[in-house]
Amino acid sequence: MTNDDKRVAPSLTPAASPYPNLIDPEVAQEETMHSKIDLNASTVDDQNHHYEFAFTGTGSEYFKIWIVNLALTIITLTLYHPWAKVRNKRYFYGNTWLNGHNFEYDAQPWKIFKGRLIALALLISYVLVSTFVPVLEGVFFIILVVAFPYVLFMSLRFNARYSSYRGIRFGFKGDYWYVLWYFAVYPFLAIFTFGLLFPHVWYKQKQYLVSQHNFGQKSFALNAKLSQFYVLGTLLLLFAIVGFGFVFYYLFKYGLPASGRFETSFAVVLVYFVLFLLFTLYWQRMYNLVYGQSVIANLRLQANMTYIGYMAIMFKNIVLILLTLGLYYPWAKIHIAKYKAQVTQIYGGDLEQFVAVRSEEKSALGDQVGDVFDLDVAI
Amino acid sequence: MRIEGFWYEGTVAKAQACVLDYSQDEICFISVADEKTKETNETNETNEIELWRCRYSDLKISEQLGDIPRRIQCQHHQQFVTKDNQAVNALIRRHGEKPRSGALHWLEKNWTNAIVALLISLLVMVGFAWKGVPFVASYAARHVPDKVVQQISSSSMRYFDRYLFAPSNISQSRQQQLRQYLSKYSEITPNIQFRKAGMANAFALPSGLIVFTDELIELAQHDEEILAIFLHEVGHVEHQHGLKLVIQSSIWSVMLALWLGDTNALAESLLTFPVLLTQSAFSREYETESDNYAYHKMQQHGIDLNRFADIMERLMQQNTLIQSEPLNTSERSQDDQTNTEASGYLHYLSTHPATHERIKKFRNGAKQPH
């Protein structure tokens, strides 16, 4: 936090400061993330709010948007893709509501387009270098490894910066070296512990991602415990042992069949099914851990996604996407968004307490460079 | 001339019920009491406070998209948000402008357009898949530097040697004799190798490396049969089938990512299945092409076309179809029945064209005088 935070945002209109106590950052700074201090003593009820999420997009409306943008992307030989992407994303943000107000995504496609050009230039130079100067290929590879966390970091910033709610922007502070450590070096080192450290890697990654995000001047924090990630790791391991054990038992019972036999096809389907069970378990638990245990100021998020509920939606989605050769995809996305909104709530203090980060604080350089990449990173 | 919505200050997360009034020359944003404050506030006389006033040209109105609320940005961070898309469009039209991105929204809201877009996407994609991808692949294959081709081939061979093959049991003199014999019939200078693999097979790598397994050499009853297989493999090399397949599969994965946009790992792995199917359809086309190559070369050198048919028949009896996986020999006899049944429904999965058809082509060719 810089000194700038302590200045009260100037009120530009008479109606700017309805609750002076709540928006004064000096007061706000004194309270810690987990404290239950009532900021506004006059209204005790402020700590007991309950806010619901809602998603109002519909499959048929989104299908039209999706297919038109896809066609435009194809006709323009993918040049239109940044515009299509922003429109798709805006549709989902714009239809996600919290307490009667919707989210907004207002990234400028031109900036994404520039990022694509840079990425393309990098790719072409990599191909050229590795073809004509193979000696330098190793050097280039190292550059790519070092650049990946940078792109990840910049993408996180990009996506957060252009997301807003009630006119207040989200943000991602982050630091390149931490991203390099948590998302490249540490996971790599954890491989040598035979996966024993993987839950710890997840824990650190999620904790870092959540804690570096902010809404206005307030940072998020993750309350999930390390033990919960180890429980997930153990569950995944058990599922994998039982599932793949059954596949192996099946294969041994029938021998290793030649391709083109019914048993082989069935074994392949079984493997996919076990993978499906594992992935849905991971995603469902991770969603509850991250969205269910995050806090910001005196608000806390809660998520009650159930394994059966999530699995049912995912299974239906995958089957229908396969049967329709991908045409069901827009409906699938809408269903997941609806389900997620339905199982997520916010409890606690007042939503109006948040104060925007003053624009002067963002460095001009960071803004320009940071606007270039837009990888989709699921938190 | 009023639009109802919310006013966001931009500096704080406070949302105020607000009305945009455009009955005068200037646009006026007036705060109004919402339901909640009406109840608590008995004296609702001075609730209407002017929040902002500016010219229309100072406003930045967000593009219409689906039915999501419109954002009207004033200077600085203040914005007005309303669900009333039609009223906003009326405001824009009143000021003599077309609603910005109206064209895009018109494209997106109309079912006819959606169906046209769907047809265009399908047509372009199918057309590209059918004609474009093979064209691009063969163009690219011709322009891949030799060095890269060598590298790909030698690294795949290293992989095969490590995991699949054992050194050949065929004597060096026999190997040398076969190399000399086969090379006479080839326009390229092939690198012929022998390996023990546990099944009768032969394959070619893009660099011109052609591998025979011991089992295939043993299966052949005449050197001309080996020559027939050899010419088929040379066909693969001459037509650069291996490279084309590699390039094609990379194009496919990019296209798949494009089609679905952001997709997750599971859906991705599941959806590569149809891609694999099309891939094998393409490689069947390549087999036919290589067969034709062998056919013409054999005719050219006056070699009996029956030789190809003979060895193919023997291969088929071994139930290995040249390319397929090792078969548990002890189970073979009882499984023959199920295999022929299964090959019916999995016909599309098999890499090589129905072997019967291939054999028939060579047998028929042998009957005709030329």
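This is a predicted model: local features need pLDDT of at least 70, side-chain atom pairs count only at pLDDT 80 or more; totals for chains, interfaces and linings use all residues.
User: Why are α3(A) and α4(A) called roughly antiparallel?

Analyst: Helix α3 (residues 59–75) and helix α4 (residues 81–94) of chain A pack at an angle of about 170 degrees. Angles over 145 degrees count as roughly antiparallel, and therefore α3(A) is described as roughly antiparallel to α4(A). Their axes lie 9 Å apart.

User: Which residues meet where α3(A) and α4(A) are in contact?

Analyst: From α3(A), the residues include A:Tyr62, A:Ile65, A:Trp66 and A:Asn69. Among those they meet in α4(A) are A:Ala84, A:Asn88, A:Tyr91 and A:Phe92.

User: What makes A:Ala297 buried or exposed?

Analyst: A:Ala297 has a relative accessibility of 2%. Buried means under 20%, so A:Ala297 counts as buried. This residue lies in the loop between β8 (294–296) and β9 (299–303) of chain A, and its phi is near 50 degrees, a positive value in a residue other than glycine.

User: How do you know whether A:Phe194 is buried or exposed?

Analyst: The relative accessible area of A:Phe194 is 81%. Exposed means over 50%, so A:Phe194 is exposed. A:Phe194 is found in the loop between α7 (176–191) and α8 (198–212) of chain A, with phi near 55 degrees, a positive value in a residue other than glycine.

User: Why is A:Val127 called partly exposed?

Analyst: A:Val127, in helix α5 (residues 109–132) of chain A, has a relative accessible area of 44%.

Technical notes
Residues are numbered from 1 along each chain as its sequence is written. Chains are lettered from A and ligands numbered from 1 in the order in which they are written. Side-chain values use heavy atoms; hydrogens and water are left out. Helices (H or I, at least four residues) and strands (E, at least two) are DSSP runs, numbered from the N terminus. Buried means under 20% relative accessible area, exposed over 50%, partly exposed in between (1.4 Å probe, protein chains only). Axes are lines fitted to C-alpha atoms, for helices over the stretch in contact, and angles run from 0 to 180 degrees between N-to-C directions. Angles under 35 degrees count as roughly parallel, over 145 as roughly antiparallel, 65 to 115 as roughly perpendicular and the rest as oblique. Contact means heavy atoms within 4.5 Å.
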